[in-house]
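These are my notebook entries on a structure that I am reading for the first time. I record what I looked up, entry by entry.

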Amino acid sequence: MRVGFTVNGVRQTADGVWEGESLLYVLRERMGLPGSKNACEQGECGSCTVRLDGVPVCACLVAAGQAQDREVRTVEGLATADGPAAVQRAFLDAGAVQCGFCTPGLLVAADELLERDADPSDADVREALAGNLCRCTGYEKIMDAVRLAAARRRETV
C-alpha cells in the first residue's frame, strides 16, 4: 500500500508498505529518519516517541497506515534553520545526554510539554516523561534540562 503523510512539515510518501508495518519502521528505513530509536518494540521505553497530530505516541505501536494524511514530527523536526531547538540545547548544556538512545524520545516528549505549558512543575515534567526510560542518567540531569529549557523559553517570550 502507499502511505502519505507530512513529516516535519514536508509531505512524504512511502510505497510498498505492508499492513502491519510500524510508523517507526517507515520513518527509519523508508524515509531515512533514524532519530527515533527502535528499542523495545512494545511501547514501554519511549525511545521511538514522535508526535502524531501533536500528540506524543510510540511510533513502534502505530501502524504506518494510521498516519495517512496526518502530521508527524520527529526529533529531526525539532531543530530549525537557526540550529538546535531550545530543548535540544538545554539537554546538551545540562549534561542530560549520555548514551543517547533514550534522548530522541525524551526530547520530543519534553518539547511537547513545554509547548503546552511554559512553566511546568516538576510533577508535570515527571508525568510528561513517564513513558520514557533512561538507563544512564538517573533522570536528575534530564529534569534539569527541561527546567533549563522552560526558563529559556520564558525569557524569549
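This is a predicted model: local features need pLDDT of at least 70, side-chain atom pairs count only at pLDDT 80 or more; totals for chains, interfaces and linings use all residues.

Entry 1, Cys99. I looked up Cys99 and found that it counts as exposed, at 57% relative accessibility. I use the terms as follows: buried is under 20% relative accessible area, exposed is over 50%, and partly exposed lies in between, with a 1.4 Å probe and protein chains only. Cys99 sits in the loop between α2 and α3. Helices here are DSSP runs of H or I with at least four residues, strands are runs of E with at least two, and both are numbered from the N terminus. I also noted that the C-alpha atoms of Cys99 and Thr137 are separated by 9.1 Å, while the two residues are 38 residues apart along the chain.

Residues are numbered from 1 along each chain as its sequence is written, and side-chain values use heavy atoms, with hydrogens and water left out.

I traced an open sheet of 5 strands with mixed pairing, in the order β2-β1-β5-β3-β4. Two strands pair if DSSP finds at least two bridges between them. β2 (10-14) and β4 (55-58) are the edge strands, each pairing on one side only. On average, neighbouring strands of this sheet are turned by 40° against each other, direction ignored.

Entry 4, strand β3. I followed β3, residues 49-52, which pairs with β4 in the antiparallel sense over 4 bridges. In β4, Val57 is the bridge partner of Val50, and Val55 is that of Leu52. The two strands form a hairpin with 2 residues between them, and Asp53 in the turn has a positive phi of about 50°. β3 also pairs with β5 in the antiparallel sense, over 2 bridges; there Arg51 stands opposite Arg73. Which way do the side chains of β3 point? Thr49 and Arg51 point one way, Val50 and Leu52 the other, and all are buried. In a regular strand the side chains alternate between the two faces of the sheet.

Helix α1 (residues 23-30) lies across β1 (3-7), β2, β3 and β5 (71-73), and runs at about 75° to β1. Axes are lines fitted to C-alpha atoms, for helices over the stretch in contact, and angles run from 0 to 180 degrees between N-to-C directions. In α1, Leu23, Leu24, Val26 and Leu27 are buried. The buried residues of α1 pack against β1, β2, β3 and β5, where contact means heavy atoms within 4.5 Å. Gly32 follows α1 and has a positive phi, near 70°. Helix α3 lies across β3, β4 and β5, at about 40° to β3.

Not counting residues up to four places away in sequence, Asp111 touches Arg51, Arg73, Leu78, Val87 and Arg153.

In soluble globular proteins, nonpolar side chains tend to be buried together.
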